[in-house]
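Hi everyone, thanks for coming.

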Amino acid sequence: MDAQTDQVQIAGSVLVAEDNATMRQMLAAFCRQWGAEVIECVNGVEAVQAFARHQPAWVLMDVAMPEMDGLVATARIKAQFPQARILMVTQYDSDGLRQAAQQAGACAYVLKEDLPDVPKWIAAHQDLASNLMSCPEPE
């Protein structure tokens, strides 16, 4: 991480939904470094339940997970909580998945290789009104 990324702080909690333990731990460590409290989930079912229980400020959601994938989980969360701010974080660079994520209600679609850009994007959009149906696209 560069010095500019190290200075970014994320207000509130972040739910990290990722089935790969190593990647989940890395995402959680990034979020803690950025000042966020972290809630960890290993699949979409857990993510939907954890969101309802904690209502975090942000969600970092993997696309491909067991039991319920991130696209279905995002749609379910957004149906119950339209103000939810969900960023899909995935290794799949696919126009079809990007469109599906947008239709599910995700704010952004971020490739795992671009993780250093996530805190800057979140920091720039932390003050969004809580009643927005969708988040702005990353710059």
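Which residue in strand 3 is the bridge partner of Val 14? It is Trp 58. Before going on, a word on the source: this is a predicted model, where local features need pLDDT of at least 70, side-chain atom pairs count only at pLDDT 80 or more, and totals for chains, interfaces and linings use all residues. Residues are numbered from 1 along each chain as its sequence is written, and side-chain values use heavy atoms, leaving out hydrogens and water.

Strands here are DSSP runs of E with at least two residues, helices are runs of H or I with at least four, and both are numbered from the N terminus. Two strands pair if DSSP finds at least two bridges between them.

Now back to strand 3, residues 58-61. Strand 1 (residues 13-17) runs parallel to strand 3, and four bridges join them. Strand 4, residues 86-90, is also parallel to strand 3, with three bridges. There, Val 59 sits opposite Ile 86.

What about the side chains? In a regular strand they alternate between the two faces of the sheet. In strand 3, Trp 58 and Leu 60 point one way, while Val 59 and Met 61 point the other. All four are buried, meaning under 20% relative accessible area with a 1.4 Å probe, counting protein chains only.

Zooming out, the chain has six helices and five strands, in the order α-β-α-β-α-β-α-β-α-β-α. Of its 139 residues, 49% are buried.

Conventions. Buried < 20%, exposed > 50% of the residue type's maximum accessible area, 1.4 Å probe, protein only.
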